[in-house]
Amino acid sequence: MATRYWIVSLPVQTPGATASSLWARLQDSISRHSFDTPLYRFNVPDLRVGTLDSLLALSDDLVKSNVFVEGVSHKIRRQIEELERAGGVESGALTVDGVPVDTYLTRFVWDEGKYPTMSPLKEIVGSIQSQVAKIEDDMKVRAAEYNNVRSQLSAINRKQSGSLAVRDLSNLVKPEDMVTSEHLVTLLAIVPKYSQKDWLSSYESLDTFVVPRSSKKLYEDNEYALYTVTLFAKVVDNFKVRAREKGFQVRDFEYSPEAQESRKEELDKLLQDQEARRASLLQWCYASYSEMCCYFYAHNSELPS
């Protein structure tokens with residue numbers, strides 16, 4: 001279960017009071033009413049807020065910007081979860097700067113190197129916004145490249161696993177299934193599953209030049225069965241017409257070991273490419289999520305109370 005944190009800003013108004021004394025009073029007051037509630041001091045340096053008018057003008061922009069920064073953080077987290085599921089990786093706790101998110105939050109230290117306190121507050125906010133926008137753009141490009149490879153693989157898988165009426169047949173046919181000579185040719189017929197008896201009893205009579213008992217079933221799915229039939233090449237067109245009239249589909253197919261090997265190599269290459277891009281995008285997301293959290297906490301430190 002995620003831990004909920006409240007970030008509270010308390011003004012030092014009492015004459016003679018200091019931030020340290022106010023912190024001690026807060027600890028004492030909370031411990032009396034909720035002794036098991038931990039408190040963490042969120043140390044924020046003195047920032048160049050400018051005039052009250054400029055701070056108020058910046059306040060509205062900060063709220064909008066905060067929604068944007070938080071939104072990009074959630075996008076990256078969801079992308080991480082999707083990539084981990086796709087890789088069969090068990091989701092683990094995300095980290096920020098190499099430590100758990102809770103630890104980073106409760107031990108937050110302002111990064112003077114990234115956000116010099118001498119810079120105007122508006123300039124710091126603008127820097128955070130531009131960095132976050134760049135991260136979002138980078139994620140869109142990287143995710144699009146990964147999804148493009150996934151789409152190509154999905155298209156191949158649909159061809160190899162769809163209905164026999166449309167799918168690629170090359171991985172269902174073996175060299176010994178095909179007869180090719182000067183006069184003879186083997187065709188592949190797609191027969192409705194519940195019309196197989198009709199096919200077996202009628203295919204020889206669809207033309208006088210069909211080789212008797214040449215039909216053999218190669219495969220069957222939920223809708224169709226795949227049959228071979230051997231006949232003389234000169235009657236192929238007539239056979240296709242007669243077969244179509246009886247509800248049988250003859251698929252155009254030319255067996256080519258070279259083409260089949262090329263398709264296999266293409267599939268293997270796409271699978272490797274997909275995994276490489278998934279792993280690369282996942283590592284980028286881990287690093288960017290860490291960076292986004294740093295931006296988010298620094299950004300929230302600037303929100304006026």
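Me: How much accessible surface does the chain have, and what share of it belongs to carbon and sulfur atoms?

Reply: Accessible areas are computed by the Shrake-Rupley method with a 1.4 Å probe, and for residues only the protein chains shown count as cover. Here the surface of the chain is about 19100 Å², with 52% belonging to carbon and sulfur atoms. Keep in mind that this is a predicted model: local features need pLDDT of at least 70, side-chain atom pairs count only at pLDDT 80 or more, and totals for chains, interfaces and linings use all residues. Residues are numbered from 1 along each chain as its sequence is written, and side-chain values use heavy atoms, leaving out hydrogens and water.

Me: What percentage of the residues count as buried?

Reply: Buried means under 20% relative accessible area, exposed over 50%, and partly exposed in between (1.4 Å probe, protein chains only). In this chain, 34% of the 305 residues are buried.

Me: How many helices and strands does the chain have?

Reply: Helices (H or I, at least four residues) and strands (E, at least two) are DSSP runs, numbered from the N terminus. The chain has 7 helices and 6 strands. Its radius of gyration, taken over C-alpha atoms, is 34 Å, well over the 19 Å from the globule rule (2.2 Å times the number of residues to the power 0.38), so the chain is more spread out than a compact globule. Its C-alpha atoms fill a box of roughly 110 × 40 × 30 Å along the principal axes.

Me: Which domains are assigned, and how far apart do their C-alpha centres lie?

Reply: Domain bounds come from an automatic or database domain assignment. Domain 1 covers 46-159 + 280-301, and domain 2 covers 175-254. Their C-alpha centres lie 60 Å apart.
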